[in-house]
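User: I'd like to go through the aromatic contacts and one of the helices in this model with you. Can we start once it is on screen?

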Amino acid sequence: MSDFDPGRRRFLGHLGLAGLGALGASSFLSACASSASGPTTGNGSGAVTIQSNLSSPQAKAAMEKLIANFNAQGKGTASLNTIASETFRTQLPTYLTSANPPDLYTWYAGSVANDYASRNLLLDVSDVWKSLGDYPQSLRTLSTDASGKQIFVPMNNYWWGFFYRKSNFAKWGVQEPKTWTEFLALCETLKGKGVPPIGIGLGDTPWVASAWFDYLNIRINGAPFHRELLAGKQRFDDPKVKAVFTRWREALPYFDPKGKAYPFQEATTALLAGKTGMFLIGTFFADAAPKDALGDLDFFRFPIIDPAVPLAEEAPTDGFFASAKTANPTGTRALLTYLSGVEAQEAYVKASSGIVLPANPKAKASDSPLVVKGKAMLDEAKELTQFFNRDSSDALQPTADTALTKFIDKPDQIDAILREWQTSAEKVFKG
């Protein structure tokens with residue numbers, strides 16, 4: 001469901017939900033766009049209000065369809081308010097702490113949800129989970145806070161990878177790399193053909209750089225170290241972290257130099273137009289891609305650097321949590337029960353780009369080659385991570401944005417950058 005943000009994705013157009021936006025004009029990031037006439041605050045026993053960051057055209061339309069279907073069942077009513085993803089991300093704490101907050105929110109599982117739950121801002125939805133016996137334990141754990149209550153209901157998840165157009169790779173006579181050495185050789189070949197090998201979109205979406213940090217860290221140091229680092233149990237100025245940037249520096253000459261000036265939506269447009277060779281991004285980017293381009297998209301996993309490190313992949317999970325102050329907890333739980341079901345999740349997959357994996361194990365994903373390949377990649381992984389802010393917190397994400405964009409601009413200052421990052425992170429962890 002991603003409109004990632006970061007996470008985020010944009011968070012996410014994510015997951016089509018997610019985390020961490022989707023492709024579209026940059027104006028999507030500038031303002032609130034309401035897709036329903038309902039208010040943006042809770043309204044007692046009336047319609048349940050949903051604050052959604054799924055602002056890409058297909059993801060927004062998919063959510064509108066779900067709400068219309070729910071309203072038609074006569075079990076309650078809901079109104080949808082669609083907010084530009086970056087605006088949503090920055091305003092979410094304000095929404096949740098307001099006197100009369102919206103009832104339900106699209107967002108992420110994991111540490112982000114747990115952080116809000118620790119401040120008593122999220123509704124206990126354990127009753128909803130009593131009907132979700134088919135869901136795997138991994139998703140239940142991901143949706144449970146430190147006190148043992150379920151505070152999140154998953155809708156779908158998705159994967160990250162290096163996306164490219166098959167027709168362009170064929171035209172350029174290149175193939176998917178499997179190792180870091182092969183990846184750098186591919187970049188050199190594309191550069192020799194006059195094509196910027198690697199797309200990047202850091203303009204209004206600097207969190208995109210976190211995917212590079214996440215993947216390099218889990219490929220070099222492993223997922224357990226990565227999680228400990230993001231939890232404050234390791235240091236950003238540790239030599240192991242410096243090793244991540246040493247590898248990253250090898251790829252920097254192949255980044256699109258224009259990518260620092262525009263957001264990931266425009267970086268996606270450049271990829272689709274053949275102006276860059278490949279783009280490390282989540283599947284949410286496809287929600288705004290032309291339908292006739294989807295069949296030409298393919299991806300490869302982030303290259304292996306050290307075969308001895310257990311294979312891990314980024315697989316952010318998107319879904320919903322609700323305000324603890326909702327004036328209509330019964331209606332909110334009824335809507336969550338509907339959204340967790342097979343009918344709703346299959347409808348979302350069909351109405352969106354389809355390149356997401358439904359959380360409900362009985363719901364059918366698309367049978368497209370791209371989705372089959374993505375699911376197989378995740379199934380093969382020994383470990384799954386979410387995304388930088390999802391595995392840490394929304395509060396830590398800005399420290400990464402600052403450090404990583406500064407590194408891309410001034411890679412020779414990495415020691416100073418990591419010291420500054422550690423100092424900034426300590427302030428976050430200490431509250």
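User: Is Trp 180 buried or exposed?
Analyst: In this predicted model, Trp 180 has a relative accessibility of 3%, so it counts as buried, the cut-off being under 20%.

User: What about Phe 302, buried or exposed?
Analyst: Phe 302 is buried as well, with a relative accessible area of 0%.

User: How many aromatic pairs are there, and how are the rings of Trp 180 and Phe 302 arranged?
Analyst: The count comes to 43 aromatic pairs. Trp 180 and Phe 302 form a stacked pair, with 6.0 Å from centre to centre and 20° between the planes. Because Trp 180 belongs to helix H7 and Phe 302 to the loop between strand S9 and strand S10, this pair ties together parts that lie 122 residues apart in sequence.

User: And what of Trp 212 and Phe 255?
Analyst: Their ring centres are 4.9 Å apart and the planes stand at 50°, so that pair is tilted. Trp 212 lies in helix H8 and Phe 255 in the loop between H10 and helix H11, so the pair links parts 43 residues apart in sequence, and both Trp 212 and Phe 255 are buried.

User: Switching to charges, which ring does Arg 390 lie over?
Analyst: Arg 390 lies over the face of Tyr 108, at 3.4 Å from the ring centre, while the charged end of Lys 373 sits over the ring of Phe 299, 4.9 Å from its centre.

User: Last one: what do the buried residues of H17 pack against?
Analyst: They pack against helices H2, H8, H10, H16 and H18, and the buried residues of H17 include Leu 404, Phe 407 and Ile 408.

Notes: Residues numbered from 1 in each chain as written. Predicted model: local features only at pLDDT ≥ 70, side-chain atom pairs only at ≥ 80, totals over all residues. Heavy atoms only, no water. Buried < 20%, exposed > 50% of the residue type's maximum accessible area, 1.4 Å probe, protein only. Helix = DSSP H or I, 4+ residues; strand = E, 2+ residues; numbered from the N terminus. Contact = heavy atoms within 4.5 Å. Phe/Tyr/Trp six-rings, centres within 6.5 Å; stacked < 30°, edge-to-face > 60°. Lys NZ or Arg CZ within 6 Å of the ring centre and 35° of its normal.
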